[in-house]
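Biologist: Please show me the structure, and then let us discuss the terms used to describe it.

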Amino acid sequence: MGKLGVAAIMSLWVIPISIMVNHIVPEPYMDEIFHVPQAQQYCNGNFKSWDPMITTPPGLYYLSLAHVASLFPGMLLMNNTTQSFSEACSTSILRSTNAIFAVICGVLVYEIIRFLEPNLSDRMATFMALVMSLYPLHWFFTFLYYTDVASLTAVLAMYLACLKKRYTLSALFGTVAIFIRQTNVVWMLFVVCSGVIDSTIDSVKSSDKNEKQRVNQELHQTSDKKGETLRSNLRKRKSDNSSDARSRLNISKMISSTEDTSGLIYDIYAVISTSWNMKWSLVVKFSPFAVVVLAFGIFILWNGGIVLGAKEDHVVSPHFAQIMYFSLVSALFSAPLHFSADQLRNQFQKLHRNWPLSLLLTLVALITGFASVHFFSLAHPYLLADNRHYPFYLWRKIINVHWSMKYMLVPVYVYSWFSILTLLAKTQRKIWVLVYFLATCGVLVPTPLIEFRYYTIPFYLFMLHSCVRSSGFATWLLIGTIFVCTNVFTMAMFLFRPFKWSHEDGVQRFIW
């Protein structure tokens, strides 16, 4: 099996479904009406042309140029009727860029799983990577010319390189990720924080090990000395050495303790303290990222904001309800993890064990949730007017069906977030979980439009780092079944249930 098996098996569904989509929907649809013509302008060599309705950087278009260039000689050898490079940039060929990235993404997921869980069997890692490749928000846009698949691939490549401590390569992939979608700068900062946490932990663990070896060696050397005086000296020396060791390993103990459920404050203090002690080493390691972030900051100042085009429709807004929607959508897609009897029991047992603190946190979370949906629940004009998107129906039929419904859903949102964070905390340090939460908020809160495809990267990071890695085959099979059923439904609706608008020509289709 392995990564070649992942690539081969994914190709078995990517190729035929791509052919079917291109046959039934040969013309650009939805956001493709902006992306495809822009990429074709680049194929014509017109790099100064830019559609003002496009909000993301041109990274995908340059990657598509490289993809078409790799295919063009073969197309000529096969006596294709294509006469020029620009004519080769058809909608179907441009869409195939994402098909290639989807396969690469599956391989990256496999590599990350193997790195994080080296004792996992090769067959199980392959199965997990294939299931994650079926995640509906990722799978659907594999067959269209959107930025999502390439964006996820670049972010995962950046993260894998950082896990392997290849920081310059990681920063390079991060640059590509930002060049595809500018909000990926938040995930670059997440990767940097994750790398700093790993570096400080590795440093103190190494210091801990060396110190213990030195103390044990000294104690062993003095153990053969005879007499009460020597034994007394030994006891004194042992006491002194132990005292020194305790002093030097104070931070190490705080960092290496993974069982203290209240260790977030200690984690923060320990990582900051250790980072300060090894600041120059960290500066050298992560300087490539600093260069990219600095360049991005200069771009924002020059551009007057983070969005490239259609700025009036994509104004940065405090949309705190967005993170509530993310928690529930993610929990539903991975329902066997969050709504199983074991997980429900674990959540209530945790609440009961430390009920004063847990009750306080729950009340704070509920108050924050109610405030978020009351004051920061935005209804973007696109959401209200476009009945081609599923969020349109979820907003009308569920969230906004009655004024009280959005408040009734708050406890479910809060439970979903508690479940996500609890599952992450079983395998990750508290400070890592905090950084993940802040990064997710940093990406989603400023986004005024409810777009479920924006949830893809944080969902993948959750799945890769939670205790789901140790979940059994049955759990993964259930999650895969949810993914497959959702994909069959959404693709069937997209391809075989077209409809028309009375005020506009052309065929409309349902889409995420």
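The dialogue below sets computed values against their definitions.

Modeller: This is a predicted model in which local features need pLDDT of at least 70 and side-chain atom pairs count only at pLDDT 80 or more, while totals for chains, interfaces and linings use all residues. Residues are numbered from 1 along each chain as its sequence is written, and side-chain values use heavy atoms, with hydrogens and water left out.

Biologist: Why is α16 called roughly perpendicular to α21?

Modeller: The axes of helix α16 (residues 341-353) and helix α21 (residues 410-425) cross at roughly 90° and come within 11 Å. Angles of 65 to 115 degrees count as roughly perpendicular, so α16 is roughly perpendicular to α21.

Biologist: Which residues make that contact?

Modeller: With contact meaning heavy atoms within 4.5 Å, α16 contributes Gln-343, Leu-344, Gln-347 and Lys-350, and α21 contributes Tyr-415, Phe-418, Ser-419, Thr-422 and Leu-423.

Biologist: What makes α2 and α4 roughly perpendicular to each other?

Modeller: The axes of helix α2 (residues 32-43) and α4 cross at roughly 100° and come within 10 Å. The pair is therefore roughly perpendicular as well. Glu-32, Val-36, Ala-39 and Gln-40 in α2 meet Thr-91, Leu-94 and Arg-95 in α4.

Biologist: Why is the pair of Tyr-135 and Tyr-460 called edge-to-face?

Modeller: Rings of Phe, Tyr and Trp (its six-membered ring) pair if their centres lie within 6.5 Å; planes under 30 degrees apart count as stacked, over 60 as edge-to-face and the rest as tilted. The structure holds 43 such aromatic pairs. For Tyr-135 and Tyr-460 the centres are 6.0 Å apart and the planes stand at 80°, so the pair is edge-to-face. Tyr-135 lies in the loop between α5 (122-133) and α6 (136-139) and Tyr-460 in helix α23 (residues 456-465), so the pair ties together parts that are 325 residues apart in sequence. Tyr-135 and Tyr-460 are both buried, where buried means under 20% relative accessible area with a 1.4 Å probe, protein chains only.

Biologist: What makes the pair of Phe-286 and Phe-289 tilted?

Modeller: The centres of these rings are 6.0 Å apart and their planes are at 35°, so the pair of Phe-286 and Phe-289 is tilted. Phe-286 and Phe-289 are 3 residues apart in helix α13 (residues 279-303), about one helical turn. Phe-286 is buried, as is Phe-289.

Biologist: Which residues have the most contacts inside the largest nonpolar core?

Modeller: They are Phe-190 and Tyr-436, in a core of 143 residues. A nonpolar core is a set of buried Ala, Val, Leu, Ile, Met, Phe, Trp, Tyr and Cys residues joined through side-chain atoms within 4.5 Å.

Key. Axes are lines fitted to C-alpha atoms, for helices over the stretch in contact, and angles run from 0 to 180 degrees between N-to-C directions. Helices (H or I, at least four residues) and strands (E, at least two) are DSSP runs, numbered from the N terminus. Angles under 35 degrees count as roughly parallel, over 145 as roughly antiparallel, 65 to 115 as roughly perpendicular and the rest as oblique. Buried means under 20% relative accessible area, exposed over 50%, partly exposed in between (1.4 Å probe, protein chains only).
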